[in-house]
Amino acid sequence: TTTIREAVEAIIKESKEKERKFVETIELQIGLKNYDTKKDKRFAGTIRLPHIPRPRMKVAVLADAQHLETASKIGIDSYSVDDLKKFNKQKKPIKKMAKKYDAFLASESIIKTIPRILGPGLSKAGKFPSLITHTDDMGDKVADIRGTIKFQLKKVLCLNVAVGNVGLTEDEVTANIVLAVNFLVSLLKKHWQNVKSLNIKSTMGKPKRIY
């Protein structure tokens, strides 16, 4: 197995040799062992990485008047209460909106009314909005969402998370991976004894084994 740094170096180098029309995401693929998903507690945890892995992640704000104004200034899509009411609780258009974005923010005055106005569509899609208040900086909030990754064990013993992209430097990607791996290990019952394999790969590249 190569060191993390060598693997990152190789991935970034390969992506430059075969330039794509988009910036490839670098993904960490985790294989677990000695874990019984039926009996053992399924873990979930989120961590904010120092360098944003997916800068083009799409975020929308369900916004009050003040947030509508801020959103248009910084170029973030926003929906007012009236826009949300127009969905008329119809499942298909709401599902389509949930699909269009990776995550949502919602103003304090709106967040409580979302289930009433939209129904359970966003929750079902796993995209219930995060709260944004008037003292929050919207740009920072969006950066937080783009920089946060989630480890969640479901029924299978493999997990994939975005830990960087080929536009970052080797140091930045390496720092992200080290933090992500250590955080994941801290969530596991037997820590490193539960880790079978760790690979990193870019969207179009080959996987590189680092553990």
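A salt bridge is a pairing in which a side-chain nitrogen of Lys or Arg comes within 4 Å of a carboxyl oxygen of Asp or Glu. In this structure, which is a predicted model, there are 10 salt bridges, and one of them joins the side chains of E170 and R5, with N and O 3.2 Å apart. Because E170 belongs to helix α9 and R5 to helix α1, this pair ties together parts that are 165 residues apart in sequence.

R5 also meets the side chain of D171 in a salt bridge, this time with an N to O distance of 2.4 Å. Here again distant parts of the chain are linked, since R5 sits in helix α1 and D171 in helix α9, 166 residues apart. How exposed are the residues of these pairs? E170 has a relative accessibility of 25% and so counts as partly exposed, R5 is partly exposed with a relative accessible area of 34%, and D171 is partly exposed as well, at 48%.

Returning to the residues around R5, salt bridges that share partners join R5, E9, E170 and D171 into one network.

From these charged pairs we can turn to the nonpolar residues. In soluble globular proteins, nonpolar side chains tend to be buried together. The largest nonpolar core of this model has 32 residues, and those with the most contacts inside it are L28, I30, F43, F151, L159, I177 and I200. The elements that give two or more residues to this core are the helices α1 (4–17) and α9 (170–187), together with the strands β1 (25–32), β7 (148–152), β8 (158–165) and β9 (195–202). Which element gives the largest share of this core? That element is α9, which provides seven residues.

When its neighbours within four places in sequence are left aside, F151 is in contact with I30, F43, A44, G45, I47, L159, V161, A180, F183, L184 and L187. Apart from this core there is a second, separate one of 17 residues, and among its members are A60, Y79, A98 and L122.

Note on methods: Residues are numbered from 1 along each chain as its sequence is written. This is a predicted model: local features need pLDDT of at least 70, side-chain atom pairs count only at pLDDT 80 or more; totals for chains, interfaces and linings use all residues. Side-chain values use heavy atoms; hydrogens and water are left out. A nonpolar core is a set of buried Ala, Val, Leu, Ile, Met, Phe, Trp, Tyr and Cys residues joined through side-chain atoms within 4.5 Å. Buried means under 20% relative accessible area, exposed over 50%, partly exposed in between (1.4 Å probe, protein chains only). Helices (H or I, at least four residues) and strands (E, at least two) are DSSP runs, numbered from the N terminus. Contact means heavy atoms within 4.5 Å.
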